[in-house]
Structures are given as C-alpha cells and as structure tokens.
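Subject: Structure for you to look at

Hello,

Here is the structure I promised to pass on. Please open it and keep it beside this email as you read.

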Amino acid sequence: MPLPAADALRHPSRLAALRATGLLDAPPQDALDRLTRLASRLIGVPIALASLVDADQHVFASEFGLGEPLRSTRRMPLSHSFCQHVVARRNALVIEDAHTHPLVFDNLAIPDLGVIAYAGMPLTSEDGEVLGSFCAVDTAPRKWTQDQLDTLEDLAHAASAEIQLRAASRLLSQRQTFLADLLDHTSELVCATDERGYIAYSNDAMLATSGYDADELAQMRFVDLVAADSRTGFMAAAQRARSGEAIPDLATIMMTKAAQRLYVRGRGSPVFNDAGAVTGVRVIFRDLTREREVQRLKDELIALVSHELRTPVGAIRGALKILGPHVKHLEGKPRQLFDMAARNADRLLTLLNNLLDIERLESGTATLVRAPVSAIVLLEQVREVIQPLADAAKITIVIEADDVHAEADAGRLQQVLVNLVGNALKFSPSGSTVTLTAHAATLGDARAGVCFSVDDKGRGIPADKHQRVFERFEQVTATDASEKGGAGLGLAISKAIVEQHGGRIWVESVVGEGSSFRFTVPVAAALQP
Ligand code: ADP
C-alpha cells in the first residue's frame with residue numbers, strides 16, 4: 001500500500017522533534033494515560049490513543065482500550081494507522097464510517113482491529129511539528145458531535161503540552177549532563193562561590209590541582225586559596241564581581257594543599273539570581289605555572305645572549321663608525337655592503353639594548369627616578385621629539401592635557417609616550433590626527449592617578465590581540481616588522497615601565513576605526529587637589 005504523503009512523514013525536522021520527545025521507546029506515561037482515559041469517558045468511546053507517527057511505524061505513547069498484543073508491543077505498522085493521515089494533512093481528521101472514506105477505506109485497521117469511526121487531532125511539538133494524533137476510536141459508525149470534537153481538541157492540547165514539557169526537560173538534562181561532563185574533563189579550574197565567598201562548586205580539575213577534596217573546599221572561602229601576598233588584589237577584584245561587574249582578566253597566585261604556589265589566570269563573573277541580585281562569583285582559571293616557568297627560562301636565555309652579544313656587536317658598530325670617514329671613496333657594490341653592515345649593526349645594537357632594558361625593568365634592577373612631572377610639559381616635549389616624524393607622515397598632533405602632575409620618572413614616561421606616538425604615526429593614514437591627552441584618573445587599587453592616552457585613527461587592532469601586542473615580539477601582522485620597522489618590543493618595554501610605576505597599560509581599539517593606547521601612573525602626592 002503506498003504511504004500517504006510519505007515525504008511529510010519523513011521530514012527530517014519532524015523526525016528530529018519526534019526523537020526529542022524521548023517517547024518512542026519510553027514506558028507508559030502516567031500523565032498521558034490519564035488523558036486518554038479521560039477522553040474515553042468524556043466522549044464515550046471504547047478506545048482513545050495518543051499516537052506518535054514515526055517514519056515507518058506507529059507508536060502508542062498512551063492507549064486506552066486496546067487489546068493484546070498491541071497493549072504490550074505498543075506499536076504497529078503504518079498499514080494499520082489512521083493517525084498518519086493527521087500528520088500528513090497537519091490537520092484534524094474526522095471519520096464517521098471508515099468503509100466509505102476515501103483516505104482509509106482499504107486500511108488494514110478496519111478488518112484487523114475493527115476501527116470504524118475515528119476522530120484525531122494533531123499532537124504538536126513546541127515549534128509546530130505534527131508528531132502524531134490524539135484520537136478517539138469507535139468500533140461502529142457514529143456521528144461525532146461538535147461538543148465531543150471540542151473536548152477531543154482540548155485534550156489533544158493538554159497532551160501536546162505534556163509532550164513538549166517532557167521534550168524540554170529532556171533537553172535541559174542532556175545539556176546539564178553535557179556541561180557537567182565538559183566541566184569535569186576540562187583542564188581549566190572552575191569554581192563558584194556563594195554570596196559569602198565560600199566555595200559552593202569546584203570541578204574535577206580544581207580538586208585535582210588544589211589537592212583538596214570537595215568537602216574540604218566547601219569549608220573554605222576562595223580567598224583562603226589565594227597566596228597571602230596576592231590577597232589584596234584578589235579581594236578587590238572579587239569585590240567588583242560581587243557588585244555585578246565581570247572581571248575579564250583576573251590573575252592571582254593560588255596555594256595548593258601541598259603549599260605549592262600556582263600562577264593562575266582567567267576571569268571572574270558574578271552569578272545572578274532571577275531577581276538580578278548577585279548570589280556568588282564564578283571563576284575560571286588556567287594554571288599557567290609551567291608556561292611561566294618556560295617563559296622565565298626563555299627570558300633568562302635571551303638576557304644571557306643579549307649580554308654576551310652586546311659587547312662584540314658594540315665593538316663592530318664602533319669599528320664601522322670609526323671606519324666611516326676613511327671609506328668615503330667606496331662606490332657601487334662595496335659602498336652598498338658597507339652601508340648595509342653599518343645599518344644592521346645599528347639595528348642589532350638597538351635590539352640588544354631594548355632586550356636588556358626590558359630585562360632590567362622587569363627584574364626591578366632598573367631604578368626609576370621619580371619626581372612630580374607636569375603632564376602638559378611632558379606631552380609638549382614628546383611632541384617636539386616626534387614632530388619631524390609627524391611632518392614626514394603628514395599627520396597632525398593635538399594635545400589636550402589637564403594641569404595634572406604624575407609622580408614618575410620623566411625620562412621613562414617620555415620613552416613610553418614616544419613609543420606609543422611612534423606606533424600611532426606608523427599605523428595612521430596621512431592627513432589624519434593623533435591626539436595626546438592626560439587627565440586625572442584612579443588606579444586599579446583606587447589610588448589617585450593620571451591617565452595618559454594616545455588616540456589614532458589608524459587601522460586598529462583586532463580584539464584577540466589587545467593583550468598580546470604588549471608581549472615581546474608580538475606584532476599584529478607578520479609583515480609589520482619588515483614594512484613598518486621595529487621588532488615588537490616597544491609595547492613590551494612600555495608595559496614594563498608603566499607597571500614599574502604601579503600603573504596599568506591597555507589598548508581600546510576597533511579595526512578600521514583606530515586605537516587608543518592608555519596608561520595610568522600615580523599622581524604626584526604633594527600636588528593632589
Ligand atoms: P614595534 O616596535 O614592532 O612597533 P610594538 O611592541 O610597539 O612593536 O607594537 C607591536 C605591534 O602592535 C605592532 O607591530 C603593530 O602590529 C601593533 N600596533 C602597535 N601600535 C599600533 C597602533 N597604534 N595601531 C595599529 N597597530 C598597532
């Protein structure tokens with residue numbers, strides 16, 4: 001027998017919705033059984049069914065009044081199904097006498113099951129797929145009254161709601177299982193605290209890394225895991241999270257049960273209840289202790305090599321400088337070679353000096369000479385240094401500075417600003433403007449500070465590089481070094497200088513619109529308003 005509108009029955013999204021109910025292989029559902037029983041009683045029929053129509057069979061999610069073997073097998077071939085027509089039509093089907101009805105006169109349910117009169121209403125999924133039919137069946141011809149059909153429709157709606165609820169809660173629990181699985185197999189350390197800061201949840205990685213078991217952690221506040229010398233910073237961040245702020249970059253030192261110091265970095269976010277109140281904080285950390293160690297060894301190696309190379313490279317450059325006036329007569333290829341050697345010796349020496357500079361700054365052996373520095377005077381000095389470059393690039397420099405003073409090493413601040421403005425010029429179109437500003441601000445720990453900003457209208461920096469550009473040798477595009485010059489050290493040096501001052505440096509940028517490099521340093525104490 002050809003299947004009616006087989007395409008409608010086999011439609012993938014309909015079959016997916018059907019699977020999602022979880023009812024194709026489920027035991028009888030009490031809630032649905034109550035509805036079929038009610039249908040039989042209210043409408044006065046011997047049989048009432050909640051049927052699901054699969055691609056190649058008819059499944060009884062609930063039945064009332066069927067005999068064996070269907071009561072036990074709870075499924076039958078489509079050759080016996082009236083309900084498939086409700087699905088194919090996506091509409092109710094009402095039959096007074098099956099013998100004379102063009103859709104079903106040859107259906108095997110007539111001789112085999114005695115189905116003669118049929119009224120079926122669609123059972124639908126949440127997004128409107130017709131999953132099957134909620135139907136009343138009689139074994140003799142009958143006229144269905146409007147009241148009976150209305151009752152059947154109401155019950156079909158109730159049955160649909162029941163099925164949808166089940167599908168939704170199945171989906172939810174599948175997602176929960178998936179998430180729980182993910183949380184327990186990720187290497188990220190995940191913790192959630194309650195409103196008092198006590199640890200309410202920790203994933204497997206957190207247990208394994210901290211060395212504490214779940215019961216022990218439940219007795220602790222997260223801050224108890226933070227090394228004593230990192231607590232102030234951590235508590236400030238936790239306080240911000242508790243007041244509803246997300247902390248996208250949170251780094252701290254975590255102590256394990258075995259008293260090992262771990263460098264962890266990640267983010268913290270507030271957890272809200274339905275009323276919008278913060279009920280705790282969630283942190284997701286990555287243990288970067290090993291990476292840090294590798295980085296430290298790399299830094300040591302670079303520092304060592306730089307130290308060792310600086311003297312011989314300095315000697316070569318000095319020799320080339322002395323030789324310069326004596327080889328004025330050189331021409332052609334020899335001239336090119338000499339100039340190339342001089343240029344490269346210069347570059348190499350600058351690179352080595354920068355590397356040694358970073359190392360001294362980061363290890364704290366470069367001492368800062370701090371004194372009150374006028375922001376206006378400083379920015380004017382920077383403009384003077386950079387003006388020839390700006391003129392060459394046809395870029396206007398604008399200064400908008402408040403009368404504020406930083407407590408800082410003037411030479412080092414100038415180095416940072418020249419770096420930032422130099423970059424702004426490198427990456428801006430000619431005819432555009434670079435703006436330097438300075439105004440009063442607060443530092444991360446709420447002390448008063450001065451915020452400097454260098455804004456350009458250049459190509460901008462993609463969001464995923466906003467942190468990385470401050471690392472050594474990081475450039476946004478591989479060709480920046482060759483096309484724009486520089487080795488990717490300028491921002492790393494700037495960061496080291498700003499952090500030595502107790503400040504913070506960051507970039508805000510939109511690709512194609514421009515970049516604002518900003519940094520803060522402490523305000524000069526005596527000159528605080
Ligand atoms: P370099 O000395 O190579 O310029 P930096 O550390 O100063 O190195 O900068 C690193 C990279 O950051 C640059 O190569 C560039 O890709 C990007 N960058 C820095 N400043 C800007 C800016 N104002 N606009 C666009 N990209 C920038």
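Below is what turned up, starting with the ligand and moving on to charged pairs, the surface and a few single residues.

One caution before the details: this is a predicted model.

**The ligand**

Next, look at where the shell comes from.

A polar backbone atom of glycine 490 lies 3.4 Å from an oxygen atom of the ligand. Arginine 459 uses its side chain instead: a polar atom there is 3.2 Å from a ligand oxygen. How much of the ligand does the protein bury? Taken alone, the ligand exposes 540 Å², and the protein buries 97% of that.

**Charged pairs**

Side chains of opposite charge can pair when their charged atoms come close. How many salt bridges does the model hold? The count comes to 24.

Take arginine 19 and aspartate 54. Their side chains meet in a salt bridge, 3.3 Å from N to O. Arginine 19 sits in helix α2 (residues 12-20), and aspartate 54 sits in the loop between β1 (47-53) and β2 (57-64), so the pair ties together parts that are 35 residues apart in sequence. Aspartate 54 has 7%, so it counts as buried. The cut-off for buried is under 20%.

Now try arginine 221 and aspartate 224. They form a salt bridge, and their closest N and O atoms are 2.9 Å apart. Arginine 221 is partly exposed, with a relative accessible area of 33%. Aspartate 224 is partly exposed too, at 30%.

Aspartate 346 is partly exposed, at 29% relative accessibility. Lysine 321 is exposed, at 52%. Salt bridges can also share partners: Glu293, Arg296 and Glu300 are joined this way into one network.

**A nonpolar patch**

Turn the model to find Leu301, Leu304, Val305 and Leu309. These residues form a nonpolar patch on the surface. Together they have about 350 Å² of accessible area. Leucine 301 lies in helix α11, which runs over residues 289-323. Why does leucine 301 count as exposed? Its relative accessible area is 53%, and exposed means over 50%.

**Single residues to check**

Aspartate 194 is in the loop between β7 (189-193) and β8 (199-202). Aspartate 194 is buried, with a relative accessible area of 18%. A polar atom of its side chain lies 2.9 Å from the backbone nitrogen of arginine 196.

Glutamine 239 belongs to helix α10 (residues 231-242). At 45% relative accessibility, glutamine 239 is partly exposed. How far is glutamine 239 from aspartate 33? Their C-alpha atoms are separated by 53 Å, and the two residues are 206 apart along the chain.

Threonine 73 is in helix α4 (residues 70-73). Threonine 73 is partly exposed, at 41% relative accessibility.

Best wishes

Conventions: Residues numbered from 1 in each chain as written. Predicted model: local features only at pLDDT ≥ 70, side-chain atom pairs only at ≥ 80, totals over all residues. Heavy atoms only, no water. Patch = residues over 30% accessible without salt bridge, like charges linked within 9 Å, V, L, I, M, F, W, Y side chains within 5 Å. Areas by Shrake-Rupley, 256 points an atom, 1.4 Å probe, with all protein chains shown as cover. Salt bridge = Lys/Arg side-chain N within 4 Å of Asp/Glu carboxyl O. Helix = DSSP H or I, 4+ residues; strand = E, 2+ residues; numbered from the N terminus. Buried < 20%, exposed > 50% of the residue type's maximum accessible area, 1.4 Å probe, protein only. Polar contact = N/O pair within 3.5 Å; in protein donor to acceptor, adjacent residues only side chain to side chain.
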